[in-house]
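Hi,

Here is the structure I said I would pass on. My notes on what turned up in it follow below.

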Amino acid sequence: MNTIAEKIRELRLSKKLTQNDVADKMRMSRPTYVLVENGKKQLTMTELKQLASILGSSLEELFYDTLQVSSNDFGIEKYKQIILNCLQFGGDSTNGKITKTKLAKLAYLVDFTWFYENLKPMSGLAYRRIQQGPVPDQYFRVIDELYESGAITLENKGTSFMIKANENAPTNQLSKQEIKLIKKVSQSWKNKNTQDIVDFTHEQLPWKICRQGELIPYELITQEEPNHVYK
């Protein structure tokens with residue numbers, strides 16, 4: 001998977017532009033621009049749009065390769081463990097249940113917060129902007145498979161599905177740091193209603209910038225305010 005920095009360099013070379021050329025157009029020093037191509041300096045969305053224009057590209061093309069994240073069996077199995085641990089730490093205190101929508105939101109916040117702190121996703125899956133919020137295409141498959149395996153129980157409650165874990169969440173594909181973050185994010189939303197977390201994610205830049213049905217670049221979360229990443 002190419003990084004944004006690698007993609008920028010590839011586009012610059014394809015346009016036969018020097019680093020000085022681009023730096024001048026961006027009104028920054030060459031050493032500063034070199035940091036961009038080395039992945040050591042984050043650009044604002046305004047700067048990214050300007051750079052894409054200079055390179056004869058678009059934000060969509062700039063982010064394209066970074067969205068081609070793994071969807072292999074390992075990625076799916078790790079995502080299942082993220083889901084089950086979000087359920088374990090974020091389920092209602094009285095009955096351990098959580099709505100299907102809220103669970104998807106928790107996993108999203110975990111994945112994007114991990115990227116915010118480490119510049120790499122936890123699950124390796126691509127999230128899409130749909131009506132109820134950012135979610136990987138594999139989410140619905142994962143919930144079905146967890147239900148069929150007996151790991152979770154699904155209960156229809158009005159227009160919502162309530163989910164409850166039937167066993168302790170496995171952790172063999174998660175690091176201690178990843179489990180710690182899952183717990184922190186999930187517990188910050190524990191006992192809060194689904195609409196609260198939906199409203200929160202809809203106010204974040206990744207949701208606002210992307211259009212309906214588009215894949216959401218993880219990099220967008222790095223433009224978010226530190227106190228508005230997961231709670």
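**What I found**

Of the 231 residues of the protein chain, 49% count as buried (buried is under 20% relative accessible area, exposed over 50%, partly exposed in between, with a 1.4 Å probe and protein chains only). Keep in mind that this is a predicted model, where local features need pLDDT of at least 70, side-chain atom pairs count only at pLDDT 80 or more, and totals for chains, interfaces and linings use all residues. Residues are numbered from 1 along each chain as its sequence is written, and side-chain values use heavy atoms, with hydrogens and water left out.

Overall, the chain has eleven helices and six strands (DSSP runs numbered from the N terminus: H or I of at least four residues for helices, E of at least two for strands). Its radius of gyration is 19 Å, close to the 17 Å from the globule rule for 231 residues, so the chain is as compact as a globular protein of that length. That radius is taken over C-alpha atoms, and the rule is 2.2 Å times the number of residues to the power 0.38. The C-alpha trace spans about 60 × 30 × 30 Å along its principal axes. Of the contacts (heavy atoms within 4.5 Å) between residues at least 6 apart in sequence, 72% join residues at least 24 apart.

Now the helix pair. Helix 1 (residues 4–14) packs against helix 3 (residues 30–37) at about 120 degrees, and their axes are 7 Å apart. Axes here are lines fitted to C-alpha atoms, for helices over the stretch in contact, with angles from 0 to 180 degrees between N-to-C directions. Helix 1 brings Ala-5, Ile-8, Arg-9 and Arg-12 to the contact, and helix 3 brings Tyr-33, Val-36 and Glu-37.

On to the sheet: three strands form an open one in the order 1-5-4, paired antiparallel (pairing takes at least two DSSP bridges between two strands). Strand 1 (98–99) and strand 4 (152–157) are the edges, each pairing on one side only. Six bridges link strand 4 to strand 5 (residues 160–165) in the antiparallel sense, and Leu-154 sits opposite Ile-163 of strand 5. Helix 8 (residues 139–148) lies across strands 4 and 5, at about 110 degrees to strand 4.

Last, the cysteines. There are zero disulfides (cysteine sulfur atoms within 2.5 Å). Cys-86 counts as buried because its relative accessibility is 0%, and Cys-210 counts as buried because its value is 7%.

Cheers
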